[in-house]
Amino acid sequence: MAYTTNQAIETLNRYLGINDSNKKIIENTKNRGFVFSLPNGEKTVVFVYPLVHKQDNTKNYFDTRDSGAYERGVTWNYAIDNCLKYFCIGVNDTVDKYDEYAFSLECNESDIEKISGTVNGSRNGPGNQIIIPNDYVPSKKVERIVNKLGIYITAVHKDKLIDYLTFYDNRPYMNELALIDLESLKNESVQGVLTPEWFNENGKAFVYLDEEAEKERQAFLKKYNPDILKTLEGMTLLRTVFLNDDNKDNLCYELEFNSKLIEIFGSIKSGTAYKYGLHYSKKNQSWATGSGRKPQFLTADEAVELGTEIRDYLVAGAEVLRKYDSIDTLEDYKKLFKELNEATDGYGTRVWFLKYYQMLSPELFPPIYSKSAQETVLNAIGVIPDDNTVIRMGQMQLFIKKCEVSPIVFSRTFWTNYDADSMGEETEAEESQNPIKYETRYESSFPRNRILFGAPGTGKSFTINNDAKELIGEENEDDYERVTFHPDYSYANFVGTYKPVPTVDSDGKDAITYEYVPGPFMRVYVKALKNSRTDSVKPFLLIIEEINRANVAAVFGDIFQLLDRGDDFVSEYPIQATEDIKKYLAGELGGNPSDYNKIKIPDNMFIWATMNSADQGVFPMDTAFKRRWDFTYLGIDDNDQNLQGKYVYLADDKSQKVEWNKLRKAINNFLAKEKINEDKQLGPYFISRNIVVPQTGNEIDRDKFINTFKNKVIMYLFEDAAKQKRAKLFEGCFQNSSRYSEICKEFEAKGVGIFNQDIQLDCEVEDIKNNDGVQE
């Protein structure tokens, strides 16, 4: 991933031992130009460059051609106006050979302009960036070198940087040049930032599109305006709105595949047909919803119900737009998004909804729908993209108003002249995105890697659920995933792998393609990394149930190494990512696959698991794996306070009033005397909490309890925990103690009388028959 301006500023601050409070930011330099005081009291001006380093290590340079030319000119002029020393300094501490070094350009602005092919901060013909010789590796504290273009560059170790700025004076260079004419930049494309004047001038060639666009728009709305859509019913609704083979003259087909509408109103041709929420799958001969990975096939009635719901959302959003003739502030766009989101239940940000709304209300939205396209435009006009797609469209629309051209003309003007290289997209677009931070400094009292273990029924999952609510918040379904391990679970399931997925080709036909399909680990990992770029860092949680029911060494693979976290809760030992993972991360997080050669777990990602070592068929865990987790043991009687006084009537005459908690403990005491380990004994909630803790009162539902006790408790004791002690445990059944079905029948009749005499005494049965009569 490209090294950003913000990273360069932070690095140079560290080298100089200063922070924002120690320096004065020069206006209109995007924080890249500043003044600070040297130890001798002298003030100096500094302009910062993030040195560009090609991942293949073939090129390292100051991007003076495409990045910061205008801001550099402002900084230069400030130095001249105030008779101060001026330094243009580049850093990149992510490149090993440049770590702890700063590079100073020792030349005047006219030299940089000539070499870069820029005039007054904008491109003006062919030129070059200022290259640092690729074979140069700084080794001295201060060393001046010269590149092939005759530019002197001084490499300075951070320990000598203050001395260099104090004793070196480049003002002789500055006397050779007058102030840069910044006023002339108003009508130019500056450092890849396009101005309203530029769009107004270059858009004149495309004004003819307005008439053509209006003609196509009216023809479209004649068939698909909201008033018509809301009258549709049944199969007519489905065939008129959604992709299907019976009628290609439908709304979704027109929006995505009509070449004329694409040419004028922009493309939404990405993803699969599942983006519409509903489409007819020719392959499966059924209406489909869900996603390519998890398709759901519907009956005709179900499809009509869902199609009607989506249509209603589309029309409801259109009703919201009718209230807005024009929007003049970003705050109003935020208000619009809120209303639109509520009216459409979140559908309003789908690309086909957005294109439909653009054609309904061209005065509100530009014809640019995908996140990547929106960010490309906003970066080119010098606007930091918002995280919300509707707000991003608002940012563009407010800028378009200043251009005095229509959104259609604006879009055509931009894309006709668009050139990623000439607009400095490689540097500027990347700079607008904050870097990934593995150490977010998120604080939590909970362990990052955690395993809860204990006997069955001790409340492991219940405890994790409660703690998860405390960690990520109540009713938060977005920031965690839950997975249950089993013997066939694999690395491909957990981390990810290439799989065939259904898609729809350019002709609208069903097809199969292969995509990297992430597993729960990778999905949570990406969410945590994306969040690390924001100012609102929050935790993300992966919950693994029954972790030892799979071969964890095989499931985790090399991810196992990442579990070893340092004092900062970040993986202490990064691992080499596979090519598949690198490509997937680049697609999700931006940048190039080579930016993700090594990966590690950030401190805002939590991995929690449950296990019961007593289960049959579990896989052993080696010591190396175990030591990377915080183990929390839930004791056999922990969390049983809610069971106190909860009773049930047993035996066929309901003569036994028994507390489940006392019966459970009595059985456990017997198992303990027989030297059966605690992790084989019964936890408080071996029988489900919703059975043994009644919602009202203290009496447990008799029928539910008896049924569960037979099928769960007796079965477990008979087949597992007390398999070798059946005769003694079920001594009340006499000769039937070896037959499970007979034990269950006798339990219905005798209640606790099926058990060993010690259990009957320990559970303190209240004999209703001998006290107050039989319970009715």
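Me: Buried means under 20% relative accessible area, exposed over 50%, and partly exposed in between (1.4 Å probe, protein chains only). Which residues of helix α9 are buried?

Reply: In α9, residues 234-241, the buried ones are Leu237, Leu238, Thr240 and Val241. Helices (H or I, at least four residues) and strands (E, at least two) are DSSP runs, numbered from the N terminus. This is a predicted model, where local features need pLDDT of at least 70 and side-chain atom pairs count only at pLDDT 80 or more, while totals for chains, interfaces and linings use all residues. Residues are numbered from 1 along each chain as its sequence is written, and side-chain values use heavy atoms, with hydrogens and water left out.

Me: What do the buried residues of α9 pack against?

Reply: They pack against α7, α8, α10, α12, α14 and strand β14. Contact means heavy atoms within 4.5 Å.

Me: New topic. How many salt bridges are there?

Reply: The count is 43. Each one is a side-chain nitrogen of Lys or Arg within 4 Å of a carboxyl oxygen of Asp or Glu.

Me: Where do Lys260 and Glu263 lie?

Reply: Both are in helix α11, residues 259-265, three residues apart, about one turn of the helix.

Me: Is Arg627 buried or exposed?

Reply: Arg627 is exposed, at 54% relative accessibility. Its salt-bridge partner Asp564, 3.6 Å away, N to O, is buried at 14%.
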